[in-house]
Amino acid sequence: MAYEELKERQSVMWGNGPYERITATLRDIHDLVIERLAPAPGDRWLDLATGTGAIAERAAAAGANVTGIDLSPVLIETAQEKALAGGLEIDYRVGDVERLDLPDASFDKVSSTVGIMFAPDHEAAAGELARVTEPGGRIALANWTPAGGLGKLFKVMAPYQPAPPPSSPFDWGDEAKVRQLLGDAFELEIEERVSPFVTESGETYWDLFATSYGPTKTLADGLGDRREELHRDWVEFFESNYRSDGQIVHPREYLLISGIRR
């Protein structure tokens, strides 16, 4: 599948379901990204693959001048509605992180929480990240690792995919590959963190993702008679591997990437 075709599908897929329910499970990661970048009045802040705006809202509430960009029109619409309800001024735009319609060196703080990693052309996304960050500006990214909990979750779905993706988003969770992508442009500090997700059962995990997480919902909705097979595999995977003290405890490993633009 070509990059452009995949992005056309992604723009619909990520808006398939109330993604804010997934965002609510990522608050500990949001806390660290905000802590690393420390939003302050007057900051020129860019949140890439902003989703429904969790990071953008917190930066704006601290006084930053925030632009949030996402490929999905549905997610941007949701983010705009939330900002309006919260009395926040945020410049939300539908856009492609591989081809940002933004001036060079126009931001001093740039964030992305398990978002930019899903842009299929990794080199293009990394190049745009470097281009729009001013010298001395700072970035903070959180990306799932390939061998971690989300990497394993995607392997449960992989046999049901119609075709393998043209690139792996989990490359952004591999430290060596991240240094190849960003090391020339940024002084990097990379650490591995864990975001545990706790839920009642494999069934409740399935219910959340099959209704609210775009990649899982889109896949399940298109499987027809095989949907129930994926459902069974999903529940069995979590019950067999992650049941602890009467609940499911799923460790979701990610890289927290901090950088200063050279």
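Buried means under 20% relative accessible area, exposed over 50%, and partly exposed in between, with a 1.4 Å probe and protein chains only. The model is a predicted one, in which local features need pLDDT of at least 70 and side-chain atom pairs count only at pLDDT 80 or more, whereas totals for chains, interfaces and linings use all residues. Residues are numbered from 1 along each chain as its sequence is written, and side-chain values use heavy atoms, with hydrogens and water left out.

Leu26 sits in the loop between helix H2 (20–23) and helix H3 (27–37). Helices (H or I, at least four residues) and strands (E, at least two) are DSSP runs, numbered from the N terminus. Display the surroundings of Leu26: setting aside residues up to four places away in sequence, Leu26 touches Tyr19, Val114, Trp144 and Arg252, where contact means heavy atoms within 4.5 Å. Ala56 is 30 residues from Leu26 in sequence, and their C-alpha atoms are 14 Å apart in space.

Next, select Ala38, in the loop between H3 and strand S1 (44–48). Its phi is near 45 degrees, a positive value in a residue other than glycine. Most residues other than glycine have a negative phi. Ala38 counts as partly exposed, at 41% relative accessibility.

Proceed to helix H4 (residues 54–61), which is mostly covered, with 6 of its 8 residues buried. These are Ala54, Ile55, Ala56, Glu57, Ala59 and Ala60. Just after H4, Gly63 takes a positive phi of about 105 degrees.

**Glu128 in helix H6**

Select Glu128, a residue of helix H6. Is Glu128 buried or exposed? At 11% relative accessibility, Glu128 counts as buried. A polar atom of the Glu128 side chain lies 2.7 Å from the backbone nitrogen of Leu100. Beyond four places in sequence, Glu128 touches Val97, Glu98, Arg99 and Leu100.

**Thr145**

Move to Thr145, in the loop between S5 and H7. Thr145 is buried, with a relative accessible area of 6%. Its contacts, leaving aside neighbours within four places in sequence, are Gly151, Phe170, Gly173, Glu192, Glu253, Tyr254 and Leu255.

Select Leu153 in helix H7; at 0% relative accessibility, Leu153 counts as buried. Apart from neighbours within four places in sequence, Leu153 is in contact with Tyr205, Phe209, Trp234, Phe238 and His250.

Now show helix H7 (residues 149–157) together with H11: they pack at an angle of about 145 degrees, with their axes 9 Å apart. Axes are lines fitted to C-alpha atoms, for helices over the stretch in contact, and angles run from 0 to 180 degrees between N-to-C directions. The contact involves Lys152, Leu153, Val156 and Met157 of H7 and Leu230, Asp233, Trp234, Phe237, Phe238 and Tyr242 of H11.

Select helix H8 (residues 175–182), where Val178, Leu181 and Leu182 are buried. They cover an arc of only 75 degrees around the axis, which puts them on the same side of H8; the arc is that of the directions from the helix axis to the C-beta atoms. The buried residues of H8 pack against helix H6 (122–132), strand S5 (133–144), strand S6 (186–199) and strand S8 (247–261).

Leu182 is in contact with Ala126, Leu129, Ile139, Leu141, Trp172 and Leu188, leaving aside its neighbours within four places in sequence. A nonpolar core is a set of buried Ala, Val, Leu, Ile, Met, Phe, Trp, Tyr and Cys residues joined through side-chain atoms within 4.5 Å. The largest such core has 82 residues, and those with the most contacts inside it are Leu46, Leu48, Leu129, Trp144, Leu153, Trp172 and Leu182. Helix H11 (residues 227–242) gives the most to this core, with 6 residues.

**Last stop: Asp245**

Finish at Asp245, in the loop between strand S7 (243–244) and S8. Asp245 is exposed, with a relative accessible area of 78%. Its phi is near 55 degrees, a positive value in a residue other than glycine.

Methods
A polar contact is a pair of N or O atoms within 3.5 Å; within protein, one must be able to donate a hydrogen and the other to accept it, and residues adjacent in sequence count only if both atoms are side-chain atoms.
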